[in-house]
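Thanks for coming. I have one structure to go through, and I will keep to what can be computed from its atoms.

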Amino acid sequence: GSRTKNFQTPGRGPRISIILSIFLGIWGSTMYAVAGWIEDEISSRYCLLFGRIIQGVWTGGQQAVEQAYLSAAVHPSKRVEYTATL
């Protein structure tokens, strides 16, 4: 018979992580955009700072989650090819 390797289809964990990272990015971007409309200078700076921090976490986290999701969803023979193109 043919020899095929079993691989797992991604469960709920990676999908939830992707959705949460998208919402985190939206939240950080919204804080960054709203900071210019806040009249109080100190509050505006903190909103800008935290918005940028959240965007940074989102950007780094999103890439890791996408690679983990692809490594679970793609056949083992294509994993390197697909994760390298991210």
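What pLDDT does the protein chain average, and what share of the residues score at least 70? The average is 80, and 84% of the residues score at least 70; pLDDT is the predictor's confidence in each residue, from 0 to 100. This is a predicted model, in which local features need pLDDT of at least 70 and side-chain atom pairs count only at pLDDT 80 or more, while totals for chains, interfaces and linings use all residues. Residues are numbered from 1 along each chain as its sequence is written, and side-chain values use heavy atoms, with hydrogens and water left out.

The protein chain has three helices and zero strands, in the order α-α-α. Helices (H or I, at least four residues) and strands (E, at least two) are DSSP runs, numbered from the N terminus. Confidence is highest in helix α2, residues 41–73, at a mean of 86, and lowest in helix α3, residues 79–84, at 77. Where pLDDT is low, the predicted coordinates should not be read in detail.

Now the surface. Of the 86 residues, 16% are buried, where buried means under 20% relative accessible area, exposed over 50%, and partly exposed in between (1.4 Å probe, protein chains only). The chain's accessible surface is about 6700 Å², with 61% belonging to carbon and sulfur atoms. Areas come from the Shrake-Rupley method with a 1.4 Å probe; for residues, only the protein chains shown count as cover.

Which residues form a nonpolar patch on the surface? They are I42, Y46, L49, F50, I53 and V57, with about 600 Å² of accessible area together. Patch members have over 30% relative accessible area and no salt bridge; like charges are joined within 9 Å, nonpolar side chains (Val, Leu, Ile, Met, Phe, Trp, Tyr) within 5 Å.

The whole structure has one aromatic pair. Y46 and F50 are stacked, at 6.1 Å centre to centre and 20° between the planes. The rule takes rings of Phe, Tyr and Trp (its six-membered ring) with centres within 6.5 Å; planes under 30 degrees apart are stacked, over 60 edge-to-face, the rest tilted. Y46 and F50 are four residues apart in helix α2, so about one helical turn separates them.

Last, there are two salt bridges, meaning a side-chain nitrogen of Lys or Arg within 4 Å of a carboxyl oxygen of Asp or Glu. R45 meets E41 at 2.7 Å, N to O, and R45 is exposed at 55%. K78 pairs with E81 at 3.7 Å.
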